[in-house]
Amino acid sequence: MTKRKFNFLFVLVIIASLLVAIAPGAAQEKTDIEVWIAFVDFRLDWAVDVANKFNEAYPQYNVTIQEYTDYEPLLDAYTLAQEQGNPPEVIQLFEVGTQFALDSGWFRAVSEIVAGREEIGGQAVAFDDIVPVVSGYYTIGGDWSSVPWNTSTPIFYANTNLMEQAGVEAIPTTWQELEAACEQFQPLKEAGTIAGCITWPNHGWFYEQWLAQQNELLVNNGNGREGRPSEVNLTSDASVNIVQFHKDMYDKGYYVYSGVQRDWTGTVQSFSSQQVPFIMTSSASAGGITNSALETGFDVVTSRMVYDGEVGWTGNIIGGATMWITAQDDPAVEEGALAFLLYFNNTENAASWHAASGYVPIRDSAITLLENVAADNDLGWDIDNKTRNALPAGNWFELNPNFRTASDQLGESELTLATAGAVFGTFVETRNIVTQAIEDVMLLGLDPAERLAAAEAEANVLLGEYNQLYVE
Amino acid sequence: MTLAARPGWRRMIPKRWYAHLILITAVFLMGLPLFYAVIVSTQGNADVFAYRFTFGDQLERNWNVVMNVRGLGGYMVNSFVVSMGIMAAKAVLSLLAGLAFVYFRFPGKWLVFGFVLLTLMMPTEVMAIALFRIVSGLGWGDSYTGLIVPFMASATGVFLFRQHFSNIPAELSEAAQMDGANPLQFLFRVLIPISWNAIAALCVIQFLYAWNQYIWPLMIVQDRSKQVVQVGLRTLVAGVETGDSFGPIMLGAVIASIPPLVVFILLQKQFMSGFALTRDK
Amino acid sequence: MYMISPLIVVVLAALVGALVMAYHFQRRQALSLTLGAAVGAGAGVAGALLVMVPLNFCTFEAERQALDFIFGVVLIVIGMAIVLIAANWLVPRLVRRENLLAMADTQHGAFRAGVLPPLLFLLPTLGILGLFLYYPMFDTFRLSTLLARLGAPRSAFICLDNFTRLPADPTYMRSLMTSFSMAFAIVILALALSLLIAVMAYQPIRGARIYRTLLVWPYALSPVIAGIIFRLLFNPTAGVLNYVTGSLFGVRIPWLLDPGVAPWTIILASVWNIMGFNILFYIAGLQNVPSDLQEAAAIDGANAFQRFFRITFPLLSPITFFLVVTNTTYAFFDTFGLIDFLTGGGPVGSTTTLMYKVYELGIVNRDLGKAAAQSLVLFMIVIAVTVIQFRGSRERVTYGA
């Protein structure tokens, strides 16, 4: 190319790029409802499919779904979008963000939009159909702030082929049984067949679950459910007990740590690649793990999250997220957003969502529907083609026992202030502090009680600062 | 330079095989990570977990995941527009500033120059949070404007052109003035045509800089239709959990690397001279 | 209630300023003692007020710690220094009636077009730099004195607490150490390896050009891409590196898991990422090393190593200095993307650099005030590192023939 030609091209490229940069956006006519969710896998595809069906049925709306990699980045992005003054109409917010969302003043309470009506935009409200564990967690004083969607609980997944190989007969239910089983896996580990006995993401969520199992509170004032809490309690016996368990499991070489906090991906990978025989992770992975085990060629059985057999089991807290509607100047947009969310979680969709993912069915009517799946149905999800298909007729739960564990675990939980879950404004940050403390104890060999005391001090400073800015 | 011009070297390093050995090792070690990434980008997870070091047969599937499912093409377009926008704006603004600094006399020039000079010491990253508040306040969140405008000025560019213009013989501008040309005519008809090397040098540096930006787009853009590829790759990485595997991630990484690699390899000389010019004062 | 009233602080500042300037004016500037004292007193007061009025003299409140007091005094000294230096430059010129805005440089071929056109040409650059670099910096100063959370309805002024709490914050001190040691390792390794490779590639051997191209390309890849690729290599489950070392030597290194190893993983990836840049510049530098010097040394009987360290390396020192500065900047700031994709700052914060921490604090934890304070400290560190390197290099750097 001659120099002159090069120069000419160069100028062209510059002009073209400037033109593209200032090109105006297209005009809009329908009511746009932007929904942010924290999934990038088949769960995103499922949600997009439902949104498309809604858009077809109600052409006055245009629902679009935008994906984020996880709950935390989604909330970060939403906070930034609020600062910028152009937030989306709906976001999926994880359970620990509840108090922060209420304090932020960014959202319109769902009960406020409903205002006693039974139908919004052609969709039945039917909140009394929501299963009790879910309504127990998310309603405060009987009012709904957000619409529940994905509800999960951590469960235990076992690779029965590896168990057979190691001579482990029963799936452990307690910490003590787990340690005994892990001891039996040690030869396989030494032979290099597996990397260790068990893994789970190092994530405060598991800590919170074990705290609830031992019926211990995370914050004062009845876990924040009897009044605004002023203190975080990380130094209780139950708390130290949990972190000591982590440390023991790690020190003995049973627990495989990927080295990354909140590593949902890496932990599932080590289980799917048969590097570990056991994993504890969200029930939402039931579908994914079962499928990839089928592909790789091993059997998976799910059971409940292990608990400390010396203390006993009170119950588990629900996890997952709900859908929050951004407060708008135009009530019509809020109503449209709510209409979509009610459609999104109607009986058929709630049933399909459970069958596709493993999240707990959040409506009683959805459970009934799944117990009696008709021959001609549209409840299944084809991951590869990203379309609905038909589930096998019959009782879904009997045909798929792995999908039952989560509902059982939650359903049999005793409802106490501990198992209802904590509510406070700095829950998100506190969860990160706990996660960090557990990592420090495992990797640096620190004393659990001492490290937790430091974490508690840090969490209390944050809570104090938060209360100073948000509460009078 | 030729061998004959430097007979000294010949005698000084008798064992050249040694140099070849070190260089081949270095090339091999440096190339290995990318080469393996290219291999994995054609594989499915089964191949990856089995550590097969040959090309797999999943390229089409991975391509489908990367382009159609995760929409990497859109991110690439955004990255391209933003990088080109920043590059072009920096070139134009720096040319104008260089012109003002070299071909004009005005009071307080040293102060103005110092004002520009100081910004070399201010990394944008450090001020990112305050910058975010300002750009958001202007309503430029989620837009090309917010990605481009804060980076349109370049102290590097101003120095480069100031240096370059200072070395151009004064007769050129005197002749132009005698012909009655105004400063802008002088810039476009005389300076720019003889400055293509310096302009290209600045453009290469700034293109790489803009294409590889990460923190700022991560903060200022929430709407994925405006997001750049460096941040867009995050959704690929997170997709591993259930559906996706390593293949699409690596394919995405490889695709996102092609534009800067091509620019850098083809325009190495310009890239270097850009840095070198701004360096020696 | 103040421990020391603002009035006393200001009077003290005036006294110190007067003493310094009186001395300085008489001895160095050959001006009168009284003028110096007067200017110094004024400048001292102005400097003290400059930093203390925005802070409302809060560091001298009775209920504050000793550390606040010290920080306050240091701030006043800095503020006074800035105003005194400016006054020291300005006043003598005013007294001698020099034109302050005159230009020292005699430009060739300047247009005689008045003031307006050049300012118009400069306006876009100055506007952008002012609005998007200077203004954010002042805003960062303001934020750093606040208890402020992203999205919170209120904020509260908390004096210098965001700074004074830093020395007692173990995670902050840890990331300070991490940043410095990682930057040190990256700079040393990247420079040493690049110099070795550049010296080899510079030799008159077959295929030198091909070698050069094959050695420099990783610099074009972004740190994000480097992070993704190295995550594939070091991944605990599918990591190919451990598979190879494990099956060949029976060694499996916990690349991302062990807090003692993970920083080295980041260092390795960073060195890989930036080495091409260094090699490029070292080869260019070697081309400027005069061969007659080498020959003379060879005749004097110096061996290859002696020649390299006595002649070539000193002649490369301007380039080495330039590379030290750019590599340090890379290590402090550009590694962010790499860390974000490779380790997420872990394990146990062993790869959390100062920049990563600022992002975590400001965006993830929404703690704007603390993040602003820490970014200012980071800013000052970068300036200090640059200045120290610049001063050090001025003494030792040999500017080639």
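Colleague: Which residue with a positive phi follows H13(C)?
Modeller: Please keep in mind that this is a predicted model. The residue is Gly344(C), which comes after H13(C) and has a phi near 60°.

Colleague: And where does helix H13 of chain C bend?
Modeller: The bend lies at Thr335(C) and amounts to about 50°, in a helix that covers residues 317-342. Of the 26 residues in H13(C), 19 are buried, so the helix is mostly covered.

Colleague: Turning to the interfaces, how many residues of chain B are in contact with chain C?
Modeller: Chain B contributes 83 residues, and they meet 82 residues of chain C. Helix H2 of chain B (residues 16-40) supplies the largest share of the chain B side, with 14 residues. That side consists of 63 nonpolar, eleven polar and nine charged residues.

Colleague: What does the contact between chains A and C take from each chain?
Modeller: It takes 26 residues from chain A and 25 residues from chain C. Among the elements giving two or more residues on the chain A side are helix H3 (71-84) and helix H21 (448-470). By class, the chain A side has 13 polar, seven charged and six nonpolar residues.

Colleague: How many residues are in the largest nonpolar core?
Modeller: That core has 330 residues, and those with the most contacts inside it include Ile198(A), Ala253(B) and Ile228(C). Helix H5 of chain B (residues 72-103) gives the most to this core, 19 residues.

Conventions. Residues numbered from 1 in each chain as written. Chains lettered and ligands numbered in written order. Predicted model: local features only at pLDDT ≥ 70, side-chain atom pairs only at ≥ 80, totals over all residues. Contact = placed C-beta atoms within 7 Å. Helix = DSSP H or I, 4+ residues; strand = E, 2+ residues; numbered from the N terminus. Nonpolar A, V, L, I, M, F, W, Y, C, P; charged D, E, K, R; others polar. Bend = angle between axes of the 7 residues up to and from the residue. Buried ≥ 20, exposed ≤ 12 C-beta atoms within 10 Å, placed from the backbone. Core = buried A, V, L, I, M, F, W, Y, C linked by C-beta atoms within 7 Å.
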